[in-house]
Structures are given as C-alpha cells and as structure tokens.
Amino acid sequence: MDNFVLDTSVFTNPEVYTQFGQSSQVAMDAFLDLARRSRARFYMPSSVYEELCLVKKGEVPPDFEAVVRIRSPRRFNILVPAGVLYEFIEEVRARIDRGLRIAEEHAKMVGSGAQSEEVGKIINRLRGRYREALRQGIIDSREDMDVLLLAYELDGVLLSADEGLRTWADKVGVMIVHPEHLLPVMEKLVEHGD
C-alpha cells in the first residue's frame, strides 16, 4: 500500500485541481472521494494543513481529516545525507548571487536618470525577477520542507505542483507523481484497489 504526501498545491493550483472539477471546492470533494475509495494512505503535515485551512478560509470539508492523515515529520529523527545539505547550500548561495546581480542591474537603470514613473516599473520588474531568481525551483518554506521530510520518512509518493519541492524530492530519492497525471493515478488507485 502506497503512502502519498500532499502539498497545498494539489488543492490550490488551478493546473492541478481543474482535473477534478472547475472550482477548487468541487475538486477537493472529488479528490477526497477518490482517496476514500482507494486503499492508499494520504498524509499532509500539520503545517501544510494549517496553510491549506488559511488559504481555503473555512472551505476544507469536515471529513478531510478522516481521509487525509495530518502528521508532521519526525524532524529530529530523520537522517538527511550531508551531500544533500551541501547541494542545498550551494544552490542558495548561487541564487543569492543571481539576485544580487539582478538588483545591481536594476539599480544602474534607475541611476541612469529614469523618470519617476519608469522607476516604479523598474522596481516592479526587479521584484519579479528577484523573486524568480531566489525562490523558483527551490524549497523556500517550512511547509515545503515538512512535505519533503514526511515523504522521505514514509518512503512515500509526493503529490505537488511545486517545482522546487519536486526537484528536491527527486534529489533525495522520493517518488513523485507529476501534477498533470494526478487524476489518472487516483483513478488507477481506485480501479486496482491500490
């Protein structure tokens, strides 16, 4: 029996949830119905569940916890290979350097005598590029780390649309279901009784 570890993106990312229904609420109900009928186990760290409840503003069905087990990883008992930590540090350092270069580039644009309305556009472009350079494709939150560690601990399958989470899950050997395949995978779980 497989263990699946869920990220909020399964229920909040339109590219994922529209496989199950047009609205995120209908999609969540359809996902839970399929999960209920399968023999697989579904988990979500408590930090991620809290995030989901905040994002969904009271729309998480009362039986969610009967279908999806809320459990945090055993953070102080999990051994993570040192090579993974070194690679993560190198990745963060490279991203900080990239962000710095982007900031310098935009500072030069402003310093070259840009008009005040142009400065606003430059700052907005700087924010977008800086955010992309530092956050896209990397684990950038405690919730992401909880999902990764729980999937690692349970030898589970990661269900997430988060590119950074999937990248790092692959690096540590966690199985992944690509977000565009989630509905067919769920249907197969029900069809084959897991």
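Predicted model: local features only at pLDDT ≥ 70, side-chain atom pairs only at ≥ 80, totals over all residues.
Student: How many aromatic pairs does a search of the whole structure find?

Tutor: The search returns 6 aromatic pairs. In one of them, the ring centres of Phe20 and Phe31 are 5.7 Å apart and the planes meet at 75 degrees, so this pair is edge-to-face.

Student: Where do Phe20 and Phe31 lie?

Tutor: Phe20 belongs to the loop between helix H2 (14-17) and helix H3 (24-37), while Phe31 is part of helix H3, so the pair ties together parts that are 11 residues apart in sequence.

Student: What about the rings of Phe31 and Phe42?

Tutor: Their centres are 5.7 Å apart and their planes stand at 75 degrees, so Phe31 and Phe42 form an edge-to-face pair. Phe42 sits in strand S2 (residues 41-44) and Phe31 in helix H3, so this contact ties together parts that are 11 residues apart in sequence. Both Phe31 and Phe42 are buried.

Student: Which residues do ring pairs link into a cluster?

Tutor: The cluster consists of Phe4, Phe11, Phe20, Phe31, Phe42, Tyr49 and Phe64.

Student: Phe42 is in a strand, then. Which residue is the bridge partner of Phe4 in S2?

Tutor: That partner is Phe42. The two strands concerned, strand S1 (residues 3-6) and S2, pair in the parallel sense over 3 bridges.

Student: And which residue in S3 does Phe42 stand opposite?

Tutor: Phe42 stands opposite Val68 in S3. S2 and strand S3 (residues 68-70) run parallel and are joined by 3 bridges.

Student: Changing topic to Trp168: what lies over the face of its ring?

Tutor: Lys171 does, at 4.3 Å from the ring centre of Trp168.

Student: Now the voids. How many cavities of 30 Å³ or more are there?

Tutor: The count is 1 cavity of 30 Å³ or more. The largest cavity holds about 30 Å³ of space.

Student: Which residues line the largest cavity?

Tutor: The lining is made up of Val10, Val16, Leu159, Ser160, Ala161, Val177, Pro179 and Leu182. By class, 7 are nonpolar, 1 is polar and none is charged.

Student: Where is Val10 placed, and is Val10 buried or exposed?

Tutor: Val10 is in helix H1 (residues 9-12). With 3% relative accessibility, Val10 counts as buried. From Val10 to Ala161 the C-alpha to C-alpha distance is 6.7 Å, although the two are 151 residues apart in sequence.

Student: How much space lies in the largest pocket?

Tutor: The largest pocket contains about 190 Å³ of space. Its lining has 13 residues, and Val80, Val84, Met145, Leu148 and Leu149 lie nearest its centre.

Student: Which helix gives the most to that lining?

Tutor: H8 gives the most, with 4 residues. Helix H6 (82-111), H8 and helix H9 (163-172) each supply at least two residues of the lining. Divided by class, the lining of the largest pocket has 12 nonpolar residues, no polar ones and 1 charged.

Student: What is the phi of Lys57, which follows H4?

Tutor: Lys57 has a positive phi, near 45 degrees.

Student: Then which residues of helix H4 are buried?

Tutor: In helix H4 (residues 46-56), the buried residues are Ser47, Val48, Tyr49, Leu52 and Lys56.

Student: What relative accessible area makes Lys56 buried?

Tutor: Lys56 has a relative accessible area of 5%, so it counts as buried.

Note on methods. Residues numbered from 1 in each chain as written. Heavy atoms only, no water. Phe/Tyr/Trp six-rings, centres within 6.5 Å; stacked < 30°, edge-to-face > 60°. Buried < 20%, exposed > 50% of the residue type's maximum accessible area, 1.4 Å probe, protein only. Lys NZ or Arg CZ within 6 Å of the ring centre and 35° of its normal. 1 Å grid on protein atoms, 1.4 Å probe; cavity = no way out; pocket = protein on both sides within 12 Å on 5 of 7 lines; lining within 4 Å. Points joined across faces, edges and corners; volume = space filled by probe spheres on them. Nonpolar A, V, L, I, M, F, W, Y, C, P; charged D, E, K, R; others polar. Pairing = 2+ DSSP bridges.
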